[in-house]
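Here is a short report on a predicted model. Please look over the sequence and the structure before reading on.

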Amino acid sequence: MAEPATDTILVLNGPNLNMLGTREPEKYGHATLADVEALCRETAAQFGLKADCRQSNREGELIDFIHEAHARKMRGIIINAGGYSHTSIALHDALLAVQIPTVEVHVTNIHARESFRHHSYTARAAFASLCGFGIEGYRLAIQGLAAKIGVKAKA
């Protein structure tokens with residue numbers, strides 16, 4: 001079993017997010033997944049937290065990462081489940097099972113897009129959901145998560 005990570009949050013990105021920066025830049029912008037991860041690490045550090053950033057195109061692996069966050073006693077989860085947000089009851093169930101404060105993030109405004117994107121299973125398992133802020137949504141999500149778990153920004 002992995003060592004406890006009580007000062008760590010999991011930043012979880014789902015399918016196709018490895019293509020950020022090149023995939024439909026008119027919708028998703030030019031920032032890459034590496035840019036997102038750097039933003040998350042920088043923001044988490046402002047609160048004395050570490051961001052463990054993971055990405056997978058496989059649903060089962062995403063669930064394994066969620067279970068690992070529980071086993072390691074991580075403080076919170078930021079999740080952009082991509083297309084799985086709209087289809088995966090299994091991700092919803094995994095998030096509920098671990099009972100870790102979770103914020104859902106989407107780069108685009110899913111409610112201004114195709115109707116099949118308007119419903120999110122992962123949002124139902126999160127205490128908050130952010131969409132449409134581009135990659136800044138990750139920063140906002142970490143700030144909101146820190147407030148939820150009672151962690152203040154370091155001076």
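## Strands β4 and β5

Strand β4 covers residues 102-106 and runs parallel to β5. Four bridges join the two. Within this pair, V105 stands opposite L130 of β5.

## The sheet

β4 and β5 belong to an open sheet of five strands. The order is β2-β1-β3-β4-β5, and the pairing is parallel. β2 (50-55) and β5 (128-131) stand at the edges. Each has a single partner strand, so one side of each is left without a neighbour in the sheet. From one strand to the next, the twist averages 20°. Strands of a sheet pair through backbone hydrogen bonds.

## Helices on the sheet

Helix α3 (residues 59-71) packs on the sheet. Its contacts there are β1 (8-13), β2 and β3 (76-80). The direction of α3 makes about 170° with that of β1.

Helix α6 (residues 136-149) also packs on the sheet. This helix touches β1, β3, β4 and β5. The direction of α6 makes about 155° with that of β3.

## Nonpolar cores

Which residues of the largest nonpolar core touch the most other members? They are I9, V11, C40, A51, I78, V103 and Y138, out of 26 residues in that core. β1, α2 (33-45), β2, β4 and α6 each supply at least two of its residues. The largest share, six residues, comes from α6. In soluble globular proteins, nonpolar side chains tend to be buried together.

Take I9 as one case from this core. Neighbours within four places in sequence are left aside here. I9 is then in contact with A44, L49, K50, A51, D52, M74, R75, G76, I78, I142 and L145. Another core, of 19 residues, lies apart from the largest one. Its members include I66, A94, L95 and I100.

## Two residues with positive phi

Most residues other than glycine have a negative phi. N16 has a positive one, near 75°, and is not a glycine. N16 is found in the loop between β1 and α1 (25-28). Is N16 buried, partly exposed or exposed? Its relative accessibility is 39%, so N16 counts as partly exposed.

Q99 is not a glycine either, yet its phi is positive, at about 55°. Q99 lies in the loop between α4 (89-98) and β4. Its relative accessibility is 69%, so Q99 counts as exposed; the cut-off for exposed is over 50%.

Technical notes:
Residues numbered from 1 in each chain as written. Predicted model: local features only at pLDDT ≥ 70, side-chain atom pairs only at ≥ 80, totals over all residues. Heavy atoms only, no water. Pairing = 2+ DSSP bridges. Axes fitted to C-alpha atoms, helices over the stretch in contact; angles between N-to-C directions. Contact = heavy atoms within 4.5 Å. Buried < 20%, exposed > 50% of the residue type's maximum accessible area, 1.4 Å probe, protein only. Core = buried A, V, L, I, M, F, W, Y, C linked by side-chain atoms within 4.5 Å.
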